[in-house]
Amino acid sequence: MSRVEDAGLNASAPPQQRWLDGWLVRYLPGKARRARCINALAIGILDLDKKLALANQIYSDASLPMIFRLHRFTQPANLDAQLAMRGFRKVDETQVMVCAQMPHLKPVRLLPAGISMQHLHSAAFAEAVGALRNSPIEHRESHALRLLHSPVQGRGYVLRRDADGQLLAAGQYVREGELVGLYDVITCPNARGEGHASRLCAQLMAMAAQDGAQLAYLQVDSLNHPARHVYQSLGFADAYRYHYREPSDA
């Protein structure tokens with residue numbers, strides 16, 4: 001699970017980040033909290049309030065709220081409680097799920113007639129995801145920037161209906177060694193419940209397995225039960241959780 005955590009950090013690394021006494025401080029404006037939060041990876045030597053003041057200046061300069069991402073690997077282990085005592089509220093509990101049953105061990109689900117899979121480069125993929133999310137232009141631009149400068153490059157794909165070119169689903173995989181992460185999996189609201197996300201994820205995992213991936217991981221909102229059901233049907237199981245803490249006035 002520690003390797004999965006490392007891979008997740010690499011896959012979501014933005015160009016705007018720096019180290020602060022054991023904290024990996026990220027401050028890329030946009031929707032994705034994982035690209036604009038603090039990951040406390042080492043205890044460090046500075047007093048907590050001193051570090052909070054230094055980090056707050058970074059986020060103030062970037063016109064962003066100071067957000068922490070906390071999980072089983074956070075250091076020190078009591079940081080979550082310390083932040084709660086200082087008025088940071090808990091938000092967005094997320095489940096990390098893993099799958100060791102890669103689709104190359106069984107037949108890959110074929111796409112139904114009339115639906116095609118298309119590879120898109122970073123900017124076009126970010127635009128497609130933004131269209132499905134109905135995201136504002138600044139979020140789409142931020143997403144594209146993060147994908148373009150990621151230290152571990154992913155491969156984004158979409159499903160389209162052949163008849164009219166309608167965008168049905170999107171998703172990307174980011175492989176690092178034997179691990180592969182699934183990101184930005186989303187289905188068109190008008191096409192949900194038709195199995196598009198499941199088919200796309202199976203295809204992405206199969207392609208990653210052909211490249212040498214042996215274990216897949218993903219991150220999903222703990223309350224997103226429909227998505228969790230899809231992932232469980234693909235062989236994913238819960239591994240660990242993380243959540244964010246942000247100032248009460250964020």
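I will start with methionine 207: leaving aside its neighbours within four places in sequence, this residue is in contact with Met117, Tyr157 and Tyr173, where contact means heavy atoms within 4.5 Å. Methionine 207 sits in helix 6, residues 196-210. Helices (H or I, at least four residues) and strands (E, at least two) are DSSP runs, numbered from the N terminus.

A word on the model. It is a predicted one, in which local features need pLDDT of at least 70 and side-chain atom pairs count only at pLDDT 80 or more, while totals for chains, interfaces and linings use all residues. Residues are numbered from 1 along each chain as its sequence is written, and side-chain values use heavy atoms, with hydrogens and water left out.

Now the chain as a whole. It has seven helices and eleven strands. Its radius of gyration is 19 Å, close to the 18 Å from the globule rule for 250 residues, so the chain is as compact as a globular protein of that length. That radius is taken over C-alpha atoms, and the rule is 2.2 Å times the number of residues to the power 0.38. Along the principal axes, the C-alpha atoms fill a box of roughly 60 × 35 × 30 Å.

Of the 250 residues, 48% count as buried. Buried means under 20% relative accessible area, exposed over 50%, and partly exposed in between (1.4 Å probe, protein chains only). Among contacts between residues at least 6 apart in sequence, 69% join residues at least 24 apart.

Next, salt bridges. A salt bridge here is a side-chain nitrogen of Lys or Arg within 4 Å of a carboxyl oxygen of Asp or Glu. How many salt bridges does this rule give? The count comes to 14.

One of them pairs aspartate 21 with lysine 51, the closest N and O atoms being 3.5 Å apart. Aspartate 21 is in the loop between strand 1 (17-20) and strand 2 (23-26), and lysine 51 is in helix 2 (residues 48-61), so this pair links distant parts of the chain, 30 residues apart. Aspartate 21 is partly exposed at 22% relative accessible area, whereas lysine 51 is buried at 3%.

Another joins the side chains of aspartate 80 and arginine 245, at 2.4 Å from N to O. Aspartate 80 belongs to helix 3 (residues 79-85) and arginine 245 to strand 11 (residues 237-247), so the bridge ties together parts 165 residues apart in sequence. Aspartate 80 is partly exposed, at 23%; arginine 245 is buried, at 11%.

Then there is arginine 133 with aspartate 184, 3.2 Å from N to O. Here helix 4 (residues 122-133) holds the arginine and strand 9 (residues 179-187) the aspartate, so parts 51 residues apart in sequence are tied together. Arginine 133 is partly exposed, with 35% relative accessibility, and aspartate 184 is buried, with 8%. Salt bridges that share partners also join Arg33, Arg89, Asp92 and Glu246 into one network.
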